[in-house]
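Subject: Structure for you to look at

Hi,

Here is the structure I promised to pass on. Please open it alongside this note, and my findings on one strand and its neighbours follow below.

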Amino acid sequence: MRWIVPLALLVLTACQDRTRDTQPPSAAAECQQIQHSLGETQICQPPQRIVALSPSLLELLLVLDLQPVGYADLVKFQSDTLDNPREQIPLLGDRITQPIRYVGTSPDPSLEAIVQLKPDLILATLEMNQQEYALLSQIAPTLILPYGVGNDWQENLQKIAQIADRRELAQNAIAQHQQRIAQVRQNLAAAIQERSRILVLVGNQLDRGLRVEGNTTSCGSLLENIGFELVLPPNSPTGSPNLSLEKLPQLPADSVLLLGYDFSRNAPQTQDFERSQLQQIQQDWENNAIAQSLKASQNNRVYFASAYSCLAYPGPLGAEVYLQEIEEQILSP
């Protein structure tokens, strides 16, 4: 169900319109016209109160040392006020230095909660917030950006850096990310040579089928960048949305990476988050005869990681968590 525009939104819109009309010429002269996925948005000063409607956008703000006032996630939180983000927000909570408002899930944010925050910039994604764009734009200047898979996050980062006057931070982050990729590639070169063909699977229960990741998402592309060869089903160059367990033995993989997730329930405390994402799929894998018959299982080359690190955070911070986890498992005795 879509949100109905509250009275507060209409009042705020009217106030914003009057403010825009009465801007002095000097302020208007400094305005930037920012291109995004659904058009062009005018921004006249560096934003101070930003609402990010996806983890991928939160990640980019943190890269630029920007703290949002509001946030929507892929998982549900138990409280509207995230007053202890270190313990409440998965993986990156320790980078958030102040309480922020939870404004709902990324596909269905609360417009009323966003209005109450009085933002001066809203960052949203094309994949999940396209229909809300008109209403969001009435609340504050809004940018609709691609979620950030592949290298899209770099373009998104540079766009936000332009608005916030933090271009150097963005350039440094991209350079450091590339250096990290090169370092991991070097660290794992010998090990990957022995197990170069990797099958990357995403799922939460084996009996519901598995998705095979190709290089169109960060989960697959990062592995390809460090030297792995992605194993894909025949005639599926970008991966398969629903691979049955019975077909796994037909795929010539030396290694398997199983990315578990469970976005359906409230997010637990962060120390339990990883376990909650992996528990079911790891248990299913270990108890399944087909899974255990695979060459990768028999050679102890099945790795497990939370899908959240590379799906929710496709940029440099998520990549660091993801690659560190992969590196540790591959190099462990």
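R197 has E229 as its bridge partner in β12. That pair belongs to the contact between strand β10 and strand β12 (residues 229–230), which run parallel and are joined by 2 bridges. Before you go further, please keep in mind that this is a predicted model.

β10 also pairs with strand β14 (residues 255–260), again in the parallel sense, and here there are 6 bridges.

The pairing with strand β11 (residues 210–213) is antiparallel and has 2 bridges. In that pairing, V202 stands opposite R211 of β11. β10 and β11 make a hairpin, with 6 residues between the two strands.

How much of β10 is buried? Of the 7 residues in this strand (residues 197–203), 6 are buried, so β10 is largely enclosed by the rest of the structure.

The protein chain has a mean pLDDT of 86, and 89% of its residues reach 70 or more. Residues 1–29 are another matter: pLDDT stays under 50 there, and the model has 28 contacts beyond four places in sequence for this stretch.

Best wishes

How values were computed:
Residues numbered from 1 in each chain as written. Predicted model: local features only at pLDDT ≥ 70, side-chain atom pairs only at ≥ 80, totals over all residues. Heavy atoms only, no water. Buried < 20%, exposed > 50% of the residue type's maximum accessible area, 1.4 Å probe, protein only. Helix = DSSP H or I, 4+ residues; strand = E, 2+ residues; numbered from the N terminus. Pairing = 2+ DSSP bridges. pLDDT = per-residue confidence, 0-100. Contact = heavy atoms within 4.5 Å.
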